[in-house]
Amino acid sequence: MPRTHPSSAARAALPAPTPSATSRVVTQDRYGPPDVLAVVDRTVPVPGEGEVLVGVHAASINARDWHIMRGEPRVARFLDAGTFSPRRPKMPVRGTDFAGTIQAIGPGVTGWRSGDPVFGEAAGTLADHVIADVQHLARIPDGVTFEQAAATPLAGVTALTCLAAAHPKPGQRILVNGASGGVGTFAIQLAKAQGLHVTAVCSTRNLQQAEDLGAVDTIDYTVHDFTRDGRRYDIVIDLVGNRRLRDLGRALAPGGTLVMSGGGVPGTGRIIGPLGLLIRAQLWSKFTRTRLVAPLGVPDTGNLTELSRALADGDIRPVVESVYPLHDAASAVRHMEIRHATGKVVVTTTG
């Protein structure tokens, strides 16, 4: 069952890990399918300057995890030296999102104390403990579960960044292609909160959910092609990357904005993947009046605090489809790859 974060008294009683304590982590030593993931014990890390040690209660799975796990697109193994190497990821522990409680404070950290409930982004969050930069976390609001908080950072920041890049005005028409995934479910809600007229593109099974989240109109992509129905939108956010640019352009009103983020399906586009579409998009934008942007979400405290306020105010509600225990993290990644999860898949460190 989802759990809210502990009371102040309970948080104060949480013991800090001893120097000899160990932490389970989900790691890999080669590229491949979820079977390459293994749970091993490692010494609990010590926070450095500007860092805190977080006892992780929950983490969530993102497309980024399977991209790195599989080393796809393969061209990234040679272009992104900070993340990839030819044979294995530079960072062997998977996971980016986390929610938990602070257990130790590093030098120079102010404004936080042990026991504070926090969520954010860090490297290697599929673990019992993670080191987090204080610039990449925010407080979990009261009434929000660890599972909900863990589902928010990467997807929520991406949705927030996509909307900000489009410079929307209240009343404008926006279409979200890929509206049932993690980013899409947040994009619907954030767009609604900004007074936009939202059209969601998703499969039949997710139409009602899109309406419940705030979409005024829905399009079932298994029945209708939104690029050929004659309707035009001020903003199109494409989170799938499976349509030609000229097709997406047909769905835009004159002077409209096309926002591209993510995309790619495991086992397809293994060599270049969504990078090819983004390269073509940059070339395409030079020969059209369409405004095209491909923003990069930054998990800073400002963005995360904005999401924290939206959670507290009820403007956004994370959609958590499934929850897996840490020892079965490989199944959580497999679930996302094969079943195309609605919303988010979350991993917890208990159970």
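How many helices and strands does the secondary structure of the chain come to? The chain has 11 helices and 15 strands, where helices (H or I, at least four residues) and strands (E, at least two) are DSSP runs numbered from the N terminus.

This is a predicted model, in which local features need pLDDT of at least 70, side-chain atom pairs count only at pLDDT 80 or more, and totals for chains, interfaces and linings use all residues. Residues are numbered from 1 along each chain as its sequence is written, and side-chain values use heavy atoms, leaving out hydrogens and water.

Of the 351 residues in the chain, 53% are buried (under 20% relative accessible area, with a 1.4 Å probe and protein chains only).

| Feature of H5 | Value |
|---|---|
| Residues | 153–166 (14 residues) |
| First C-alpha to last | 20 Å |
| Buried residues | 13 of 14 |

The span is close to the 20 Å expected at 1.5 Å a residue, counted as 1.5 Å times one less than the number of residues. Just after H5, His167 takes a positive phi of about 50 degrees.

H5 also has a partner, helix H6 (residues 182–193): the two pack at an angle of about 50 degrees, with axes 8 Å apart. Axes are lines fitted to C-alpha atoms over the stretch in contact, and angles run from 0 to 180 degrees between N-to-C directions. In contact (heavy atoms within 4.5 Å), H5 residues including Ala155 and Leu163 meet H6 residues including Phe186 and Leu190. The residues of this contact divide into 9 nonpolar, 3 polar and no charged, with Gly counted among the polar ones.

Note on methods. Buried < 20%, exposed > 50% of the residue type's maximum accessible area, 1.4 Å probe, protein only.
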